[in-house]
Amino acid sequence: MTRTALRICPLCEATCGLTLTIEDDKVTSARGDRDDVFSAGFICPKGATFGALDADPDRLRRPLVRKDGRLVETGWAEAFAAAAAGLGTVTAAHGPDAVGVVLGNPNVHTVAGGLYPSQLIGALRSRNIFSASTLDQMPKHVSCGYLFGDPNAIPVPDLDRTDYLLILGANPLVSNGSLATAADFPGKLKALRRRGGRITVIDPKRTRTAEAADRHISLRPGTDAALLFALVQVLFAEGLTDLGTLADQVTGVEEVRALAAEFTPEAVEGVCEVPAGEIRALARELAAAPSAAVYGRLGSTAVEFGTLGSWLVDVLNVLTGNLDRPGGAMFPLAPTARAPRAAAPGKGFTVGRWYSRVSGHPEVKGELPAAAFAEEIDTPGEGRIRAVIALAANPVLSAPDGHRLDRALAGLDFMISVDPYLNETSRHAHVVLPPPRPAQSAHYDFAFSTLAVRNTVRYTRAAVPLEDGRPDEPEIYARLVHILSGAGAGADPAVVDEQAIARLLTRATADPQSPFHGDDPGAAAGRLSGRTGYERRLDLMLRMGPYALTLDDVLAHPHGIDLGPLAPRVPEILRTPSGRIELAPAPIAADVPRLLRSLTGRAAGPVLIGRRHLRSNNSWMHNVPALAGGTNLCTLQVHPDDAARFGLTDGSTALVKGDGGEIEAPVEVTDAVRPGVVSLPHGWGHDRDGTRLATAGLHPGANVNQLLDGTRLDPLSGTAVLNGFPVQISAASGGR
Ligand SMILES: Nc1nc2c(c(=O)[nH]1)N[C@H]1C(S)=C(S)[C@@H](COP(=O)(O)OP(=O)(O)OC[C@H]3O[C@@H](n4cnc5c(=O)[nH]c(N)nc54)[C@H](O)[C@@H]3O)O[C@H]1N2
Ligand SMILES: Nc1nc2c(c(=O)[nH]1)N[C@H]1C(S)=C(S)[C@@H](COP(=O)(O)OP(=O)(O)OC[C@H]3O[C@@H](n4cnc5c(=O)[nH]c(N)nc54)[C@H](O)[C@@H]3O)O[C@H]1N2
Ligand code: SF4
Ligand SMILES: [Mo]
């Protein structure tokens, strides 16, 4: 029987609504849902291959448990019992800090990842928590934490209304947008220019996004913070600052003026390799635009001065009066966010409640740097990590020094992976718990609703029912919560949801500003609807949220409900101790001298940057034949001048050396990268034994992160420097 079902795409941050065609239980096609209130029919090649990804024959269908050194398929009860026994042994002997948790990117794309990790970490009480955030956007959390008092208050460019978009280190025509959830980013950029707006892209590579812009400024990687500071300096020097309606809401403007004073365009042009005149012109253009948004992504965060750069992005938005106004950089209001209430001072943001054992890195948002994960496992001594719970994470490929991490994981006493694949990381697990395929999973965007360029609400139930006795991913996570809290593998997973509901309602019923004030928590819980625990939680969060929606409202609108364009939220959103935007936070000011020093002490030699491919996603989509091949290859892109200098030709093999090791990669000569810069994508290196990735193994590629040893970090956020690190390049001796 053929039928259709709606499913929000979980494969990138654009969150497109898909219409799946399903024959029996098989997804035979995926199209963009034209009626979707957010994506209006947009789809990309990854979404279009949803069916192939869903049906990947290498996807694990049953749990695996290690027996006599080998991973064998078992039943679910046995797998959970093995998980409980293994974790119990380690925590009984060494305490909770001996268990490390690593959370990967798909947690922001799943219901399970949206709801259970905080309960899981709360039950475990380990300080050794790691995630992909410190390979990605942590600098933005830190800068927003200091500026606005809430690390999750991240402004997004108001794409549909802005007159001027300044993009740094983002390639949304390929990534489809990040920290700015917008389905059909390419279409929105086209529309921007069609209505007379302008786009400037700052990127060391002439990317597809740069090609679609009015202006491309190619800079030396890692120097964005210096360039942005120069823009700030020009605004002050030329009297171009105008905070508009924010004027009374901001502290620290004069301190920022003083911090910027030395960063004149002339002072930074050498290190940025951008002429001073071009920097000055850009500052004037930004100030003159009727509305403008400055937007930075991975090329501005996973870099040496990631937090400074992320801060300066919003300093510019503030100084030009563009923060929190239509057409500028605005704060989304998610349907499950706390309903707005009267503005009041907050606790503010701090880091360093604890420090990592080996290198003494401060905790940031409850996490330690992913770059320090390996050393926390393999460095002997009290407090060493002896067991790991990997939730949707493949750090062997995504974090610095994969070989070291690979060896470290192999030496663990115990490891659990919740992962659909037996890959470079999960191959080390003693228990692998695979979530069901995406067609069998419900979808709600807890994370991306807080980053969307338009407020909407959408929820899709599983398109294909689960087999009897097969847990969904929320149940897998909930059972892990029970195991860690001591309730045991067999405890009713629904209790985990009811505990979360009770906790929320106890607080809400006592809160005079809550719609549940004065209610009885038990009675209120009894009124919630939903077929499952996570649906009941969603129902409660929607009811408590700013739009006072219910799950039933959302279910009645299968293509979603449009909640309108973004609206101003200052000062209500602020949680700083002053109750204002604190433009010159002391920890950030303290890092400025390091940036100043970088203007003079620059090392010569090539640096490496990353790149993404439209038909790929980090490390885990190379196993779908329809997405593999073509231009989706792990090549080292080299400028023709550099190729000549290093003795490389198109198709030859280069040897690349970095702090953490060396790799070989085929050369692609292209003038899209600037001289002195080479580009290699991440997520490759599928050549390790014991994985089950037949297609990916045919074109394994090289793991770029082998070039890193984990010591290059943005100090304020603990984020690894993945863009703009020094490498040595030569022709590989084999001369292939
Ligand atoms: N050099 C370099 N390194 C980088 C980057 C870079 O640009 N350059 N980018 C960094 C960034 S931005 C990120 S976010 C990280 C990503 O780092 P990771 O999150 O570690 O890497 P992913 O490849 O996204 O791996 C996700 C894992 O989740 C599994 N998975 C997929 N779907 C699901 C699901 O629904 N449930 C569960 N439980 N598991 C699932 C996959 O099989 C895979 O094992 O990589 C970082 N590493
Ligand atoms: N197709 C596809 N989509 C994806 C992903 C994927 O792997 N494939 N991954 C998803 C994830 S996890 C994330 S975090 C997002 C990332 O989303 P984006 O940040 O938009 O994606 P990237 O391609 O990493 O873009 C980073 C850009 O920064 C540039 N760059 C490098 N160094 C510097 C620098 O020092 N300064 C400046 N100004 N630019 C620099 C690079 O040339 C590149 O164009 O994409 C998401 N979407
Ligand atoms: S753009 Fe992202 S969300 Fe949309 S179909 Fe492609 S992968 Fe899925
Ligand atoms: Mo990411």
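Predicted model: local features only at pLDDT ≥ 70, side-chain atom pairs only at ≥ 80, totals over all residues.
1. Basis. Local features need pLDDT of at least 70, side-chain atom pairs count only at pLDDT 80 or more, and totals for chains, interfaces and linings use all residues. Residues are numbered from 1 along each chain as its sequence is written, ligands are numbered from 1 in the order in which they are written, and side-chain values use heavy atoms, without hydrogens and water.

2. Ligand 1, atom pairs. A ligand oxygen lies 2.6 Å from a backbone N or O atom of asparagine 105. For asparagine 394, a polar backbone atom is 2.9 Å from an oxygen of ligand 1. Glutamate 473 uses its side chain: one N or O atom there is 2.6 Å from a ligand nitrogen. Taken alone, ligand 1 exposes 920 Å², and the protein buries 94% of that (Shrake-Rupley method, 1.4 Å probe).

3. Ligand 3. The residues around ligand 3 include Cys9, Cys12, Cys16 and Cys44. Phe42, Lys46 and Asn176 are also among them. This shell divides into eight nonpolar, three polar and one charged.

4. Leucine 698. This residue sits in helix α27, residues 694-698 (a DSSP run of H or I, at least four residues). Leucine 698 counts as exposed because its relative accessibility is 63% (exposed means over 50%, 1.4 Å probe, protein chains only). Its C-alpha is 9.1 Å from that of asparagine 623, 75 residues apart in sequence.

Terms used:
Helix = DSSP H or I, 4+ residues; strand = E, 2+ residues; numbered from the N terminus. Buried < 20%, exposed > 50% of the residue type's maximum accessible area, 1.4 Å probe, protein only. Near = heavy atom within 4 Å. Nonpolar A, V, L, I, M, F, W, Y, C, P; charged D, E, K, R; others polar. Polar contact = N/O pair within 3.5 Å; in protein donor to acceptor, adjacent residues only side chain to side chain.
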